[in-house]
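Here are a few friendly notes on the charged side chains, for you to read with the model open. I have set them out as numbered points.

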Amino acid sequence: MRRRLILVFLAVSTLVAMAFVVPLGFLVRRTAEDRAVDSARAEAAAVVPALVSDGTRAQIELAMGATEAGRDGRMTVMTSQGWIIGPEIERTFRVDAALASGASDIGGIAGGVEVVAAVASGPGELSAIRVFVPDAELRSGQWRAWGALAAVGLTLVAISVAVADRLARTVVRPTQDLASAARRLGSGELDTTVEPNGPEELVELAGAFNELGAQVGSMLD
């Protein structure tokens, strides 16, 4: 019985922990992705002043170099003058839309996510800033958070099992004592009694057992 009670508590506590840990894990993942994308958007915005002020190529390169994406080679600027500043990239429909209609967009590509910002650099002139966010950046910090959540879940399960073991003892030990007393009574030890403890039902059963032993002894006398 004790083992069964522990297994029941283990199963229930595991399900409860998973019900909380798994959604929190996905929330952490989503938060990490949003943080990485927001950082890329902020870096793209840092280059916009150099474009709208009709900056020179050197000024645009300087603005790009002030950003982490620019230093890492993950930023490319395509200006209305036809300049391509930064790494050569395979133009996607998002980049084409930014240069054609001024539509900014964010979407997944092979290996990560691209953030494309359209910039009106003059009357009828459109430029585009494209920042690549790799998968490693999108998942930055996720494994630590998952590890922390898993540790919390395991701790909760361990506490639940410890509590289950404690509760099981309060049920199993009085039952074992009662069974042992019944065997002694059956072997002729009519003065056998058992101390009532445990759940209310077992206390009542122990009292009835003690009364039974006393009555048997009285009848034999």
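1. Arg 29 and Glu 33 sit four residues apart in helix H1 (residues 2-52), so about one helical turn separates them. Please bear in mind that this is a predicted model. The two side chains meet in a salt bridge, at 3.4 Å from N to O.

2. Glu 33 and Arg 30 are three residues apart, both in helix H1, which is about one turn of the helix.

3. Which residues are linked in a network of salt bridges? Arg 29, Arg 30, Glu 33 and Asp 34 are the members.

4. Now for a pair with other numbers: Arg 74 and Asp 72 form a salt bridge, their closest N and O atoms lying 3.8 Å apart. Is Arg 74 buried or exposed? Arg 74 is buried, because its relative accessible area of 14% is under the 20% cut-off. Asp 72, in turn, is partly exposed, with 47% relative accessibility.

5. Finally, the overall tally: the count comes to 10 salt bridges. Among them are the Arg 29 to Glu 33 pair and the Arg 74 to Asp 72 pair.

Definitions and conventions:
Residues numbered from 1 in each chain as written. Predicted model: local features only at pLDDT ≥ 70, side-chain atom pairs only at ≥ 80, totals over all residues. Heavy atoms only, no water. Salt bridge = Lys/Arg side-chain N within 4 Å of Asp/Glu carboxyl O. Helix = DSSP H or I, 4+ residues; strand = E, 2+ residues; numbered from the N terminus. Buried < 20%, exposed > 50% of the residue type's maximum accessible area, 1.4 Å probe, protein only.
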